[in-house]
Amino acid sequence: MYHSSGNWDDVVIQGYSTEATSAYTPAPAEGFIPNATNLYTLVRNSAKGAGVRAVLFQTWARASGHAFYPDTFADPDAMQGEIVANYKAAADLFKARWGADAVTIAPVGAAFRNAKFATDFYSSDLYHAGGKYGYELVAMVLYNTIYGTFVDEDVTYAQAVAAGATSLTEAEWRRVAALAHAASGLLVIVR
């Protein structure tokens with residue numbers, strides 16, 4: 001395991017995929033939000049946590065066709081709506097306690113919504129990221145969020161291929177990068 005001698009810049013906090021929804025017990029206000037807050041408090045109080053920013057890794061709704069629909073949630077948009085609302089509530093609490101710079105949300109779930117919860121972003125369970133595009137979408141959104149830049153500003157498709165970081169075609173890579181960009185709300189740079 002790698003141990004840094006310096007302070008952490010960011011810590012990624014992700015709840016269980018349904019923890020920020022009504023499908024989980026306890027409810028988000030009693031479980032997810034206090035759990036995320038307590039974890040961040042421990043990180044801030046650690047030797048490397050002074051000034052660390054929380055990156056709340058927003059989870060995503062299950063794909064269309066999952067057993068959650070229509071009984072647990074009407075559809076993926078309804079599930080994603082709860083996730084978004086509760087990650088925002090957690091971020092608002094962090095900001096109130098530690099200031100606006102203490103937290104940001106990695107809008108991974110928003111990127112899955114932009115992809116219309118298509119099954120080719122999911123593993124066969126229609127739940128975990130996978131398929132042809134899911135892992136790369138998650139990675140690109142996290143990159144955009146943590147570095148505050150669009151992935152294609154720093155990494156070209158050719159560099160990603162050379163590093164073994166993608167097996168997508170250039171058109172597919174650009175499509176996924178555009179979905180990540182749209183979720184992140186960053187300026188589009190097209191090369």
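**Notebook: helix packing and the nonpolar core**

I first located Ala 139, which lies in helix α4 (residues 134-147); helices are DSSP runs of H or I with at least four residues, numbered from the N terminus. The model is predicted, with local features needing pLDDT of at least 70 and side-chain atom pairs 80 or more, while totals for chains, interfaces and linings use all residues. Residues are numbered from 1 along each chain as its sequence is written, and side-chain values use heavy atoms, without hydrogens and water.

I then looked up the exposure of Ala 139: this residue is partly exposed, at a relative accessible area of 45% (buried is under 20%, exposed over 50%, partly exposed in between, with a 1.4 Å probe and protein chains only). Its C-alpha atom is separated by 8.9 Å from that of Val 108, 31 residues apart along the chain.

I turned to Leu 137. Together with Phe 112 and Phe 121, Leu 137 touches the most other members of the largest nonpolar core, which has 54 residues (a core is a set of buried Ala, Val, Leu, Ile, Met, Phe, Trp, Tyr and Cys residues joined through side-chain atoms within 4.5 Å). Leaving out residues up to four places away in sequence, I found that Leu 137 touches Ala 111, Phe 112, Phe 121, Val 176, Leu 179 and Ala 180 (contact means heavy atoms within 4.5 Å).

Last, I examined helix α1 (residues 32-45) and helix α2 (residues 76-98), which pack at an angle of about 40 degrees with axes 10 Å apart (axes are lines fitted to C-alpha atoms over the stretch in contact, and angles run from 0 to 180 degrees between N-to-C directions). The residues in contact include Phe 32 and Tyr 40 of α1 and Leu 93 and Trp 98 of α2.

Key:
Helix = DSSP H or I, 4+ residues; strand = E, 2+ residues; numbered from the N terminus.
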